[in-house]
Amino acid sequence: MANNHCCSTQLIDGDGTFNVTGIESFMKEVKFSECGLSYAVVSIMGPQSSGKSTLLNNLFRTNFREMDAFKGRSQTTKGIWMARCTGIEPCTIVMDLEGTDGRERGEDDTAFEKQSALFALAVSDIVLINMWCHDIGREQAANKPLLKTVFQVMMRLFSPRKTTLLFVIRDKTRTPLENLEPVLREDIQKIWDSVPKPQAHKETPLSEFFNVEVTALSSYEEKEEQFKEQVANLRQRFQHSIAPGGLAGDRRGVVPASGFSFSAQQIWKVIKENKDLDLPAHKVMVATVRCEEIANEKYATFSANEEWCQLEEAVQSGPVQGFGKKLNSLLGACLSEYDLEATYFDEGVRSAKQKQLQEKLLQLVQPSFLSALGHIRSGIVDKFKDVFDKALNRGEGFSLAAKNCIESSMAQFDEACADVVIELADWDTSKVREKLRRDIDAHVASVRDAKLSELTSSYEEKLKEALSGPVEALLDEASGDTWSSIKKLLRRETESAVSGFSAALAGFDMDEDTRQKMISNIADYARGVVEGKARDEAGRVLIRMKDRFTMLFSHDTDSMPRVWTGKEDIRTITKTARSASLKLLSVMAVIRLDDGDTDNIEKTLAIALIDSSSSNVTDRSITTVDPLASSTWEKVPSSKTLITPVQCKSLWRQFKTETEYSVSQAISAQEANKRNNNWLPPPWAILALIILGFNEFMTLLSCRDSYPCLPNSFQLS
């Protein structure tokens with residue numbers, strides 16, 4: 001566990017003397033030997049007075065001496081100091097190196113700076129390279145020469161140990177880190193590529209020696225709170241830094257903690273014996289600083305130029321005539337002024353800084369250039385939509401109209417791009433052109449889909465109108481040739497629709513598979529209309545059956561209402577009416593639209609529902625199989641089933657129950673009619689009346705109470 005106590009000591013003094021006693025005491029105090037391989041070493045290098053000690057103290061809660069800003073820039077750290085980081089796991093040792101390019105040592109005494117930097121790279125798992133944001137891209141100020149020398153010597157002195165180089169960009173400007181980092185990484189790779197390598201490392205990539213990481217911090221003096229917040233976030237990356245995926249997660253050649261002191265002494269000894277290192281020439285350094293000052297001045301002048309500001313503002317709101325010509329003139333004038341003032345400085349540095357200025361200027365104007373292209377693209381898209389719609393409204397074929405309008409619009413874009421081109425940039429407009437083409441293609445596809453959908457809906461509506469009513473009427477009649485008639489109707493209407501639909505599709509450019517699929521969908525829709533109507537009618541089959549029964553039972557062959565006089569055979573009439581209703585049920589039971597559709601459903605229903613009820617079963621002990629005790633019909637797939645056998649049985653039971661009343665009413669009416677026809681006296685009374693005469697017959701009736709033997713039928717009322 002890391003304690004909260006910060007322990008520090010000077011490892012190497014300003015004269016290059018290794019403090020053996022100090023490091024031994026330090027190791028004991030922090031119990032470093034007990035760490036085994038679970039420790040990390042972090043060091044920092046960079047220009048003098050660049051805030052290295054301040055960064056370490058804020059990052060690791062150490063107590064290195066910091067520069068007093070009110071006393072001016074001067075050397076505060078001499079030699080190499082080391083301290084135990086507070087609150088970091090695993091145990092982490094940090095080394096604060098003397099700043100480079102310090103005036104105290106002078107231009108000629110730079111050997112110690114190089115040696116200390118090389119030492120830091122050799123013993124550290126993570127090396128922080130402190131650098132100013134405005135130094136990025138500088139040939140000298142960004143520690144390039146120092147890194148170049150260190151890379152070369154390190155390959156000769158040490159085997160690769162996978163050190164992590166964490167470049168800390170200080171006083172970050174508004175330039176995004178994602179723009180700064182590629183430049184810095186490219187510079188580092190160039191240094192590596194330019195370093196002469198021994199035979200053993202001729203093909204060794206930079207990644208074999210180093211992991212390169214980049215981060216950026218705001219100004220400590222101007223944005224202290226933001227600086228501390230960013231440092232706090234950076235501190236989290238040092239927690240468990242040696243774990244897989246950590247900053248030093250793939251380090252190699254780690255020395256056990258108990259041998260670190262001796263190892264560090266030997267490394268420093270080897271470094272001290274090699275003194276062939278030097279810093280860049282003074283002439284190049286001066287040229288670097290001055291040319292950058294001139295470039296920054298010209299950039300600021302251009303940014304504040306009134307003509308540029310007006311052009312930038314105008315292009316944000318809409319297209320600007322002659323945009324490219326105006327901007328090219330402004331850029332050329334700015335670069336000419338730079339060349340005039342920097343003409344006497346080192347040619348290599350001057351050219352490099354001129355290139356950087358040009359890149360910055362182009363980066364500044366690129367958003368306006370893209371805005372100009374955007375206005376061109378959006379204007380052409382709007383114009384295309386209008387022209388394309390007019391072509392379609394004139395009756396021009398869809399594919400032909402699309403082809404002609406697209407070719408015209410792309411030619412207009414190419415012509416308009418010539419007016420906004422920036423000569424220095426050589427920017428590729430192909431991406432905007434591709435975006436324009438995608439927008440146009442998307443609109444064409446959208447209109448195409450809408451037209452096809454409208455066409456499809458039109459034919460579907462025609463099919464629905466042509467099929468729904470006739471199918472309903474045919475199913476209502478429900479005869480032996482009902483499904484045959486429906487098939488003929490479906491075939492006729494489908495062929496008619498497909499013919500017209502296929503002709504309409506000829507104006508659309510599509511592959512044969514797509515065309516056939518759309519035609520097939522129309523045919524499928526027609527079949528779906530028929531099947532859907534059949535399913536609807538199947539849901540009302542009970543009502544249809546009762547209506548058919550009522551019509552046949554209650555009306556004679558001339559469709560006149562029946563009068564139950566007593567002469568009618570109600571049993572036969574009932575059976576006929578029920579058979580007709582059963583016929584309707586059998587027709588509605590399944591869909592029969594395919595040529596091979598055959599079934600014996602009507603026979604099965606007749607046997608199970610009519611014949612079985614009329615036959616007399618004398619021996620009830622004999623068990624018979626109910627053909628309707630099933631959820632499927634024989635040889636009929638479930639997809640074609642409208643009413644299952646068991647549903648038919650249930651519907652028939654309900655049908656009989658609800659029609660039984662009509663039958664009983666007819667029987668009652670017939671019996672009543674018979675009684676009404678029996679109002680005449682019996683034959684013996686008529687004979688007596690004839691023989692005796694009316695008066696004598698009435699006397700006989702008056703005496704009936706005295707003669708109970710007379711029959712009751714003698715009464716006339």
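User: Let's start with strand 3, residues 80-84. How many of its residues are buried?

Analyst: Bear in mind that this is a predicted model. Four of the five residues in strand 3 are buried, so the strand is mostly covered.

User: Which strands does strand 3 pair with, and in what sense?

Analyst: For pairing, look for bridges between two strands; at least two are needed. Strand 1 (residues 8-12) pairs with strand 3 in the antiparallel sense, over four bridges. One of the partner pairs there is Ser-8 with Ala-83 of strand 3. Strand 3 also pairs with strand 4 in the antiparallel sense, this time over five bridges. In that pairing Trp-81 has Asp-96 of strand 4 as its bridge partner.

User: What sits between strand 3 and strand 4 in their hairpin?

Analyst: Six residues lie between the two strands, and in this hairpin Gly-87 takes a positive phi near 75°.

User: Moving on to strand 2, which faces of it are covered?

Analyst: Here's the general idea: side chains in a regular strand alternate between the two faces of the sheet. Now the case at hand. Strand 2 spans residues 39-45, and seven of its seven residues are buried. Tyr-39, Val-41, Ser-43 and Met-45 are on one side, with Ala-40, Val-42 and Ile-44 on the other, and both faces are covered.

User: Which strands pair with strand 2?

Analyst: Strand 4 (residues 91-97) runs parallel to strand 2 and is joined to it by six bridges. As an example, Ser-43 has Met-95 in strand 4 as its bridge partner. Strand 5 (residues 126-132) also pairs with strand 2 in the parallel sense, over four bridges. There, Ile-44 is partnered with Leu-128 of strand 5.

User: What do the buried residues of helix 15 pack against?

Analyst: They pack against helix 14 (430-477), helix 16 (512-539) and helix 18 (570-589). The buried set includes Trp-483, Ile-486, Leu-489, Leu-490 and Phe-501.

User: Is Ser-468 buried or exposed?

Analyst: Buried means under 20% relative accessibility, and Ser-468 comes in at 16%, so it counts as buried. Ser-468 belongs to helix 14. Setting aside neighbours within four places in sequence, Ser-468 is in contact with Val-529 and Lys-533.

Key. Residues numbered from 1 in each chain as written. Predicted model: local features only at pLDDT ≥ 70, side-chain atom pairs only at ≥ 80, totals over all residues. Heavy atoms only, no water. Buried < 20%, exposed > 50% of the residue type's maximum accessible area, 1.4 Å probe, protein only. Contact = heavy atoms within 4.5 Å.
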